[in-house]
Amino acid sequence: MFKFFVVSFLGLLIAAHGVAENRLHDNIAMIEELGSFDIEEENDVEFHDNSFWTSERVGKNLVNVDAFGAAGNGVGDDTQPFQSAWDKACSTPKSVLLVPQGRRYLVNATRFKGPCADKLIVQIEGTIVAPDEPKNWDPKNPRNWLDFTKLKGVLFQGGGVIDGSGSKWWASSCKKNKSNPCRGAPTALTIDSSSSVKVKGLTIQNGQQMHFTISRSQSVRIIDVQVSAPGDSPNTDGIHITDSTNVLLQNCKIGTGDDCISIVNGSSSIKMKTIYCGPGHGISIGSLGKDNSTGIVTKVVLDSAFLRETTNGLRIKTWQGGSGFVQSVRYQNVRMQDVENPIIIDQFYCDSAKECQNQTTAVEISQIMYRNISGTTKSAKAMKFSCSDTVPCHNIVVSNINLEKKDGTVETYCNSATGFGYGTVHPAADCLSSSDKEECIIKIKNTENEELEEASPEDLVHTEL
């Protein structure tokens, strides 16, 4: 009997060792996978300086909006001259559609349709401005201002400005005044159903709502673009990516009243590199899963970013009741300055005037890596993984994290989230390693010993962040 017990006990030890070893191998494999996957950058992105389109030797066909009757004084309606100039440039190979410097063009909601002839360049040097009165907006285009669709291989560039004149739209928002009706507003600039489009050097400001949307497109490159609006302007996302693949954002400076960057359903292979964010709500995946919808986002990389005084840092936000998944996401080399919620996963997102009901389905979140994240937080919960009890977050990896608060107290909060950390992780994220699905808080004060405390009831109350 004793021999049987010893043999059985040894068998259990060997089995446990095997399980632990397999888990270790799985963890190593996941680190290697998350640490190595990347989005290919094209080496053939060709931009030109401002002098190229003035040269008679470059073989380009110059199409100047002024030649089609544009007033360029910010008062006269230049919509039709812009449309006529577009039709000419789009149908003529090797054209340059020029919006001249030092002039201000008032343009109403317009859809610029492709496909176009080869090698079209849109050179914006002046300012394109939207009508500022919501009551007079074209009812046929309630959600778009400058909408470019079905383009291939088109280059947008220049030092010009796209100005949405959004102040009256913001004032009429229900988020500014609850007595106002909640309604949508136009997106300032949209690239839709397009491929191999490149945008460089433009400034997009004061959007009526979202500033720049990339929709249903692939192989889009956004370089050296600036987006700006006041920090209290509602729903003014900087760059919004939806249903698109193989998108690169590089050297972009974004400060608005909502997400600097938002990535939503149907998007994959998205790379953000050297991003400045603030003010705003941070860099977000989501929201996903609203109204029991399906949301899928995969293969997202953020490499090198500085976030300053934003209300969130690196955020994944999903509604209860949704389905789908977010996976294979890597955030690395990010510096925070006085950021609330520097690292946050929120599967209880509820941006609604009414209380959101508890639901058992959720968008699944897994294989998320945070590496080399440092700086200062305004929130005691520097890392917050608030996940569904029925669809937990798993395979969350944290490495080389150093987040501090001026009073010296920081913590990690977990609810139904598992994963692991390696290297320096401050605040400690031991709650990710717990197999217990109950919420736990790991508190650290300066270099004192770690202390485990029970989560308070308010941790489970979720409103817009």
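User: What makes a space in this predicted model a cavity, and what makes a residue part of its lining?

Analyst: A cavity is a set of points where a 1.4 Å probe fits but cannot get out, and lining residues have an atom within 4 Å of a point.

User: Which residues line the largest cavity, and which of them lie nearest its centre?

Analyst: The lining has 14 residues, and Phe82, Val122, Ile124, Ile128 and Phe148 lie nearest the centre. Two or more lining residues come from each of α2, β3 (95-99), β6 (121-124) and β8 (144-149).

User: What is the class make-up of that lining?

Analyst: The lining counts 14 nonpolar residues, with no polar and no charged ones. Phe and Val are among the types that count as nonpolar.

User: How do you know how the span of α2 compares with the expected one?

Analyst: Helix α2 covers residues 79-91, which is 13 residues. The distance from its first C-alpha to its last is 18 Å, close to the 18 Å expected at 1.5 Å a residue. Among the buried residues of this helix are Phe82, Ala85, Trp86 and Ala89.

User: What makes the pair Ser416 and Asp389 a polar contact?

Analyst: The cut-off for a pair of N or O atoms is within 3.5 Å. The side chains of Ser416 and Asp389 are joined at 2.7 Å, and the pair is therefore a polar contact.

Definitions and conventions:
Residues are numbered from 1 along each chain as its sequence is written. This is a predicted model: local features need pLDDT of at least 70, side-chain atom pairs count only at pLDDT 80 or more; totals for chains, interfaces and linings use all residues. Side-chain values use heavy atoms; hydrogens and water are left out. Helices (H or I, at least four residues) and strands (E, at least two) are DSSP runs, numbered from the N terminus. The expected span of a helix is 1.5 Å times one less than its number of residues. Buried means under 20% relative accessible area, exposed over 50%, partly exposed in between (1.4 Å probe, protein chains only). A polar contact is a pair of N or O atoms within 3.5 Å; within protein, one must be able to donate a hydrogen and the other to accept it, and residues adjacent in sequence count only if both atoms are side-chain atoms. On a 1 Å grid over the protein atoms alone, a cavity is a set of points where a 1.4 Å probe fits but cannot get out, and a pocket is an open set with protein on both sides within 12 Å along at least five of seven lines; lining residues have an atom within 4 Å of a point.
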